[in-house]
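Please keep the sequence and the model at hand while reading.

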Number of protein chains: 2
Amino acid sequence: MGRHSENQTQLLKLSASQVPADSQQRAKQFVLNLQDEICTALEELDGKARFHEDCWQRAEGGQGRTRVIRDGRVFEQGGVNFSEVWGDSLPPAILAQRPEAAGHSFFVTGTSMVLHPRNPYVPTVHLNYRYFEAGPIWWFGGGADLTPYYPFAEDAIHFHQTLKGACDRSHPEYYPTFKRWCDEYFYLPHRQEQRGIGGIFFDYQDASSKLYVGCQPDSQAALYSQQVGTVSRSWEDIFAFVQSCGHAFLPAYLPIVQRRQEIEYSDRERQFQLYRRGRYVEFNLVYDRGTVFGLQTNGRAESILMSLPPLTRWEYGYQTQPGSPEAQLTEFFLQPQDWANGCLTQK
Amino acid sequence: MGRHSENQTQLLKLSASQVPADSQQRAKQFVLNLQDEICTALEELDGKARFHEDCWQRAEGGQGRTRVIRDGRVFEQGGVNFSEVWGDSLPPAILAQRPEAAGHSFFVTGTSMVLHPRNPYVPTVHLNYRYFEAGPIWWFGGGADLTPYYPFAEDAIHFHQTLKGACDRSHPEYYPTFKRWCDEYFYLPHRQEQRGIGGIFFDYQDASSKLYVGCQPDSQAALYSQQVGTVSRSWEDIFAFVQSCGHAFLPAYLPIVQRRQEIEYSDRERQFQLYRRGRYVEFNLVYDRGTVFGLQTNGRAESILMSLPPLTRWEYGYQTQPGSPEAQLTEFFLQPQDWANGCLTQK
C-alpha cells in the first residue's frame, strides 16, 4: 500500500513534467477556436466587411487557414492566421535557444493576428499564441500588445489591466515578468523607441520552472524572474494560462475600439498614423521572431507578411511639434510605463 | 644598375598590390564629388524641388552629409548620402567575409542614393559606391540598379548597356560578373522575384585578383568568375573602374526619366507603384547589406532608412491581371534577362 502510493506520487511527478498524449490536438483545437472566436467578434464589431478565408498546404508539411478583412468600417486591413507546421528540424535561431531539440523533428501550431484600423484614434493590435514540440521538449509562446497612434492613458491602462487579470488567475509573477519581456521584445534599437505601449510576451514556457528562458540574459525580465525563483507548473497549468490570455484578448481590445471608433479626424491624424505605421513595418521586417521564423522555414509569404499595414509612409527627418499629442505619444507612451498601476513616469 | 632595376621592379610589384598613401582622401573626394555631380543634375532635371542638406557627426567616429529631395516635379522623395565612418572593429558579418580585418580598426567612405519618382512610368533607382580599409586590407564595393514599375525593354537595355560600357573600359569580364552578382544580390527569396531589372553589383574588390569574393560560393557570379581566372589589377585600376561606374550613372538614368516623365497615368498605375514599393521595403529591411551594416554600426537611422519610399501599400493576395503590363513586369522583367544584348528569355 505504502509502496503503491509512493509509485503513484512518482508517476504524478513524472506526468507533471510530461506532455499528454493528445497535446498537439488540444493545442491545435484551442488556437483554431480562438481564431473563430476572434473573427466572429471582429466581424460583428466592424459591421461592414467580412473575413475572406484562404486554406493552404505547406509542401514540406503542414497547413493553414488565413483570414483577411479589409476596407471595413473599422478595419482598413487585418488578418487572423491559423497554421500547423511540421518538419525535420527547427531553424538554427530556435535550436540555439533549445539545443535539446537538435536532431528531432518538430511540430508547431499557432494563431497570429494583426489589425490595422482606419481611424487613427483606434490602436493597431497584435496577438500570437503558439505551441511547439520537438523530440523530448515542448513549449508555449505568445502574447498580445497594443500600438496606439494617439495617446489615451485609459486605453493603455485597460489593455494592461485586462491582460494582468488573465495572467494573475494562473500565477502572480506571470504578468510582471511577461510585461517586462514584452517591453524588451517590442523595441526598435535604431529608433530607441518601443513599438507601442506593450502588453505581455513570453516564449519557451515549459515545466522546467524557469520563466525567463529566451529573454536576453541581462534583461529586466530575466533579472526579475530569476529573483522570483522557481514556479512549479505542469503542461496543463501552462496550457490553462495560455488559454486564459487568449480569451482575454476581446475584452482587452473591443472596449477601446468602441470608445474611439467614432472620433472625427483630419488629414493631420491620418498622416501621423501612416508615418507611425512605418515603425511597425521596420519592427516586423528587421526584428520580429515570428516573421524571421516564417521566412526561414519557407513559410507562405502572403500569410506571414499579412501583418504589414495597408498604407504606410516614410518621411526623412520627421519631428513632432513640442507639446502636441503626437509628441506625447513618442515621448511618454513609447517609453515603458507601469500601465497596470495607472502610472506614467517621465524618462 | 641591374640590381637597382630589379629592386625597382620589386618595388613596383609591391606597390601594385598596395594602397597609396592618400587612398582614403582620394576615395572620399571621389564619393563627395559624385554626390555633388548627381545632386546638381537631379535638381536641374526636377526643376522644382531642391535638395535639403543635413550634416551630421557620428559619436563613435565619423560624419556624413545627407541630402534629401521631396515633393519635386519628378521626384516624390529621394536621398543622396555621403558618409565616412571609422571605428575599432568591423561588424561580425563583414569580418566573416574578411577575417584578415579582425583586430584592426576600420575606415569606410561611400555615397548611396535612392530615388523614388512620382510618375509610375519612371523607375526607382539605386546607387552605392564605397571604399573600406581595415588593417592590412582594403576593398571597393558598390553598384547601381534599376527598379521599374512598368515594363519598357528599351529602358532596361539602355541602363545595362551604359553600365556595361563603363565596365568594359576597365575589363571585359567586369560586366558579365557583376551583372550576375547584381541579379543574385537583389533577389527576394520569399517572393521568388528580383527587386528590379538589375544593373551591376560587386563587393570586396581588391588586388587579390579574385572577382567573386563575397558572392555566394555556388552562385552564378562565383562560378562564372572562377572560370574567368585571375584578373591582374592594382588599387589604381580598381579605383579607376569604380570612378567609371559612378560617372556612368547620370547617362544611364537621365534619358529614361526624360522619356517617361510626361506619360499620363491613372490611379491604376499609381496603386501598382505603391504596391511594388512594398517589395523595395521588404528587400531593404530584410536583406540589404548596407542597411544591416548601418544599423549594426549604430549608424544614423534617418540617413540609412532614407532609402524607404514616401508612400507604400501592402495588399494580401494581390494578383496581376493575365496579359496586363503589370503581369509582364513580374513575369518577364523581374526574372534575370540578358539586357545588354537586348534579349528577353521566358523562364
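Which side chain does R260(B) meet in a salt bridge? The partner is D155(B), with N and O 2.9 Å apart, where a salt bridge is a side-chain nitrogen of Lys or Arg within 4 Å of a carboxyl oxygen of Asp or Glu. Because R260(B) lies in helix α8 of chain B and D155(B) in helix α4 of chain B, the pair ties together parts that are 105 residues apart in sequence; helices are DSSP runs of H or I of at least four residues and strands are runs of E of at least two, numbered from the N terminus. Both R260(B) and D155(B) are buried, a class that means under 20% relative accessible area, with exposed over 50% and partly exposed in between (1.4 Å probe, protein chains only).

This is a predicted model, in which local features need pLDDT of at least 70 and side-chain atom pairs count only at pLDDT 80 or more, while totals for chains, interfaces and linings use all residues. Residues are numbered from 1 along each chain as its sequence is written, chains are lettered from A and ligands numbered from 1 in the order in which they are written, and side-chain values use heavy atoms, with hydrogens and water left out.

**Salt bridges**

Side chains of opposite charge can pair when their charged atoms come close. Over all chains, a search of the whole structure finds 58 salt bridges, including those in the table.

| Pair | N to O distance |
|---|---|
| R260(B) and D155(B) | 2.9 Å |
| E154(B) and R259(B) | 3.5 Å |
| E262(A) and R73(A) | 3.7 Å |

E154(B) forms a salt bridge with R259(B), and since E154(B) lies in helix α4 (residues 153-168) of chain B and R259(B) in helix α8 (residues 249-260) of chain B, this pair ties together parts 105 residues apart in sequence. E154(B) is partly exposed at 47% relative accessibility, and R259(B) is partly exposed with a relative accessible area of 34%.

In chain A, the side chains of E262(A) and R73(A) meet in a salt bridge. The pair links distant parts of the chain, 189 residues apart, with E262(A) in the loop between α8 (249-260) and α9 (267-286) and R73(A) in the loop between β2 (62-70) and β3 (75-87). E262(A) is exposed, with a relative accessible area of 61%, whereas R73(A) is partly exposed at 40%.

**The sheet of chain B**

Chain B has an open sheet of 7 strands in the order β1-β2-β3-β4-β5-β6-β9, with antiparallel pairing, two strands being paired if DSSP finds at least two bridges between them. β1 (52-57) and β9 (198-205) stand at the edges, each with a single partner strand, so one side of each is left without a neighbour in the sheet. Strand β6 (residues 137-147) and β9(B) pair in the antiparallel sense over 6 bridges, and G142(B) has F202(B) in β9(B) as its bridge partner.

**Helix packing in chain A**

Helix α2 (residues 23-46) of chain A packs with α8(A) at an angle of about 15 degrees, their axes being 11 Å apart; axes are lines fitted to C-alpha atoms, for helices over the stretch in contact (heavy atoms within 4.5 Å), and angles run from 0 to 180 degrees between N-to-C directions. That makes α2(A) roughly parallel to α8(A), a term for angles under 35 degrees. Residues making the contact include I38(A) and L42(A) of α2(A) and L250(A) and L254(A) of α8(A).

Definitions and conventions
Parallel < 35°, antiparallel > 145°, perpendicular 65-115°, else oblique.
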